[in-house]
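Work through the exercises below with the sequence and the structure at hand. Each task is followed by a solution in steps.

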Amino acid sequence: MEYEFKLPNGKSFAVKSWGNLAVELSAALADVKPVIHCWIQDADQDYVKSLCAAFGLRSLVYTKQGNPGFERLGVMLGKDESLLAETARVWTSPRSNPGPQLGYPACCSEFYCKWLDDPSSATGPDVIALIFENTSSPRKLPFLLNDAYYHYSRRGQPSDGDRREAMSRLNAGLDMNVLNVLPWHPCSYRCEASLKAGRKIWATMLKTAPALAAAIEPRLARPVVFWDWDRFAALEGKSGPGSLAYSAIVPPLSALGAAESALLKAGDRLKHKSGRSLEVWTGKRKLGELPGAFLLDFAAD
Ligand SMILES: [Zn+2]
C-alpha cells in the first residue's frame, strides 16, 4: 500500500506503508514533528534518500542491528541535522525521554513516561485506560486524539507478534498502522496541546495526502468499546447523554471474545455512567453488562 503526497513544488510522492510513516510525515510537514524515527532494511536506503529529497529532510543512520546482509537500520529523519544527532543520543540513553526532541507536548510526554517507568505498568492497566481516567466529560471526544489503534508505545508482551498478525488477518485490506492522527499518546482526550497539534496535522493531511485522510477519518470518528489493545469493538452508533444507540460492530475488528461479541450484537443501546459500567440494552430490556470495558466516545468534529 502507498499514500500519495502532493508536495509544495507541485510534484507528488508515493509514501510506502511502513508503520505509520505517512502519518508522521504529515506531522513533519505540519511543523509538529521535527524528527521521525524509523527502522529500515539496508536495501531501503535508496528509497529513503528519494523520500528525504522529496520532503526536504535529512537522514541519520544511528544504529545497525542484526547479521551482515540482514541488518536493520535505525534512522532519524528531519530538517535539522544537529537535532537528529541530539535525538539519537537521547533515544539510545537508558531511561531517557526523547519526547521533547520528537515534538510531543510536555504534558503528554511526561504522562506517558510516568506510566512506562512505573514497574506496575508491566501488569497494570493499558495507557489508554489511564488516559481515559484522566479525561473530563468523556462524551463526544475529538477523533483527532483517537489512539485506540495506535499500537506503538504500548506495553510489550511476548504474544504481541501473534496478536498483531491475528488482527491483520481479521482486517485484511485495512492498513491499521495509519489509523491515528497523533503519532503519540495524549495525556487526556481533552488535552489542549495535543488537540492543537492534531488540528495542524489534520489540516496538512487533508491538503497534502487527501486519500490518507479519507481512509482514516471514518475509522477514527466513531465510538469504541475498549478493553485492551487487541480487544475492542468499534461501533456504528450515535451518542446521547448517558447512552449510545448503535446498529453494528464495524472494522477495525479485534480479538473480541465470542460472549462479548454476541451480547453486543443482540443489543442496540449501551447505557453507561460517564463511559463506565457499560450495560447492553435492546428496547426496554437489559441484556447484560460488559465488565472491564469503557466507552471511548470519539466523534467527528
Ligand atoms: Zn497533554
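**Exercise 1.** State where Tyr 149 is found and decide whether Tyr 149 is buried or exposed.

*Solution.* Step 1: in this predicted model, Tyr 149 sits in the loop that runs between β6 (141-142) and α7 (160-170). Step 2: count the other C-beta atoms within 10 Å of Tyr 149, which gives 23. Step 3: a residue is buried if 20 or more such atoms lie within that distance. Tyr 149 is therefore buried.

**Exercise 2.** Which residues are in contact with Tyr 149, leaving aside its neighbours within four places in sequence?

*Solution.* Step 1: the contacts are Met 176, Leu 179, Asn 180 and Pro 252. Step 2: take Pro 252 from this list and compare positions; Tyr 149 and Pro 252 are 103 residues apart along the chain, while 8.6 Å separates their C-alpha atoms.

**Exercise 3.** Describe how helix α1 and helix α8 are arranged, and name the residues that meet.

*Solution.* Step 1: two packed helices are described by the angle and the distance between their axes. Step 2: α1 covers residues 21-29 and α8 covers residues 192-208; their axes come within 8 Å and cross at roughly 105°. Step 3: angles of 65 to 115 degrees count as roughly perpendicular. So α1 and α8 are roughly perpendicular to each other. Step 4: on the α1 side the contact involves Ser 26, Ala 27 and Leu 29, and on the α8 side Ile 201, Thr 204, Met 205 and Thr 208. Step 5: sorted by type, the residues of this contact are four nonpolar, three polar and no charged.

**Exercise 4.** Which residues have the most contacts inside the largest nonpolar core?

*Solution.* Step 1: the largest nonpolar core has 74 residues. Step 2: Ala 22, Val 224, Val 225 and Phe 226 have the most contacts inside it. Step 3: helix α1 gives the largest share of this core, seven residues. Step 4: beyond four places in sequence, Ala 22 touches Tyr 3, Val 15, Ser 17, Val 178, Ala 209 and Leu 212.

Conventions: Residues are numbered from 1 along each chain as its sequence is written. This is a predicted model: local features need pLDDT of at least 70, side-chain atom pairs count only at pLDDT 80 or more; totals for chains, interfaces and linings use all residues. Axes are lines fitted to C-alpha atoms, for helices over the stretch in contact, and angles run from 0 to 180 degrees between N-to-C directions. Helices (H or I, at least four residues) and strands (E, at least two) are DSSP runs, numbered from the N terminus. Angles under 35 degrees count as roughly parallel, over 145 as roughly antiparallel, 65 to 115 as roughly perpendicular and the rest as oblique. Two residues are in contact if their C-beta atoms, placed from the backbone, lie within 7 Å. Ala, Val, Leu, Ile, Met, Phe, Trp, Tyr, Cys and Pro count as nonpolar, Asp, Glu, Lys and Arg as charged, and the others, Gly among them, as polar. A residue is buried if 20 or more other C-beta atoms lie within 10 Å of its own, exposed if 12 or fewer, and partly exposed in between; C-beta atoms are placed from the backbone. A nonpolar core is a set of buried Ala, Val, Leu, Ile, Met, Phe, Trp, Tyr and Cys residues joined through C-beta atoms within 7 Å.
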